Amino acid sequence: MAIEAGDFKTGLTVMVDGDPWVVLEFMHVKPGKGAAILKTKMRNLKTGSTQERNFNANTKFEPAMIEKKAVNYSYEAGGTYSFMDMETYETYDLSAEQIGDNKYFLKEGMECYLMIFNGDILNVQLPDKVELTVAETTPGVKGANSSQTKDATTDTGLTLRVPQFINTGDVIIVTTADGKYSSRA
């Protein structure tokens, strides 16, 4: 069943040039004359690269059959990240290259999903937000404007900007899509 570019939604996975891609953003554009076009921002699920591409609104694509397998993150040892399927107790080991920057959001016991295409593990899908503990930050400045931020490092090694009132040892909520502070836990 083919999918037309005009039917794109955020999160949709389609086959483009033989690779599975996920739609990150899209916008319908109707120029003064001619057919409508669809401006998209897409990520290649095999390579992780992101591209902006334009398609004719009636271009057809095959859906990418991506299997999502629920797993729990177990541990990291020597650059290998281990996950366990909680139904079958089968383990999956992913390399640091496959994990990428997701390593900053992984905590032992965390439930996430392995994205599998044609039997190959493409990557890990994390929850939208995770709780992390601030391992290091400078003391807050008394009387500072509430919009002022400072650097902080979490227990997973993520460096981000946090409000002045956050202290070492505080648990914060971080958005996994962009690695930014969301709120206090």
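Which residues does Asp-170 touch, not counting residues up to four places away in sequence? Point 1 takes this up, after a note on the basis.

This is a predicted model, in which local features need pLDDT of at least 70, side-chain atom pairs count only at pLDDT 80 or more, and totals for chains, interfaces and linings use all residues. Residues are numbered from 1 along each chain as its sequence is written, and side-chain values use heavy atoms, with hydrogens and water left out.

1. Asp-170. Asp-170 touches Leu-132, Thr-133, Val-134, Phe-165 and Arg-184, neighbours up to four places away in sequence not being counted; contact means heavy atoms within 4.5 Å. Asp-170 sits in the loop between E14 and E15. Strands (E, at least two residues) are DSSP runs, numbered from the N terminus. The Asp-170 side chain also reaches the backbone nitrogen of Asn-167, at 2.8 Å. A polar contact is a pair of N or O atoms within 3.5 Å; within protein, one must be able to donate a hydrogen and the other to accept it, and residues adjacent in sequence count only if both atoms are side-chain atoms.

2. The five-stranded sheet. An open sheet is formed by five strands in the order E9-E8-E7-E10-E11, with antiparallel pairing. Two strands pair if DSSP finds at least two bridges between them. Strand E9 (91-95) and strand E11 (120-125) are at the edges with a single partner strand each, so one side of each has no neighbour in the sheet. From one strand to the next the twist averages 40°, where axes are lines fitted to C-alpha atoms and angles run from 0 to 180 degrees between N-to-C directions. E8 (residues 80-84) is joined to E9 by five bridges, and Met-84 stands opposite Thr-91 in E9.

3. Nonpolar cores. The largest nonpolar core has 26 residues, and those with the most contacts inside it are Phe-83, Leu-94, Leu-106, Leu-114 and Val-124. At least two residues of this core come from each of several strands, including E7 (67-77), E10 (111-117) and E12 (129-137). Another core, of twelve residues, lies apart from it and has Ala-5, Leu-12, Met-42 and Phe-61 among them. Such a core is a set of buried Ala, Val, Leu, Ile, Met, Phe, Trp, Tyr and Cys residues joined through side-chain atoms within 4.5 Å. Buried means under 20% relative accessible area, exposed over 50%, and partly exposed in between (1.4 Å probe, protein chains only). Leaving aside neighbours within four places in sequence, Leu-106 is in contact with Tyr-73, Tyr-81, Phe-83, Ile-99, Leu-126 and Thr-156.

4. Positive phi. Most residues other than glycine have a negative phi. Asp-17 has a positive phi, near 55°, and lies in the loop between strand E2 (13-16) and strand E3 (19-29). Asp-17 counts as exposed, at 68% relative accessibility. Tyr-89 also has a positive phi, near 60°, and lies in the loop between E8 and E9. Tyr-89 is exposed because its relative accessible area is 57%.

5. Pairings with E6. Strand E1 (residues 3-4) runs antiparallel to strand E6 (residues 60-63), with two bridges between them; Glu-4 stands opposite Lys-60. E2 also pairs with E6 in the antiparallel sense over two bridges, and the bridge partner of Val-14 is Pro-63.

6. Tyr-75. Tyr-75, in strand E7, is partly exposed at 44% relative accessible area. Tyr-75 and Val-14 are 61 residues apart in sequence and 32 Å apart in space, C-alpha to C-alpha.

Definitions and conventions: Helices (H or I, at least four residues) and strands (E, at least two) are DSSP runs, numbered from the N terminus.
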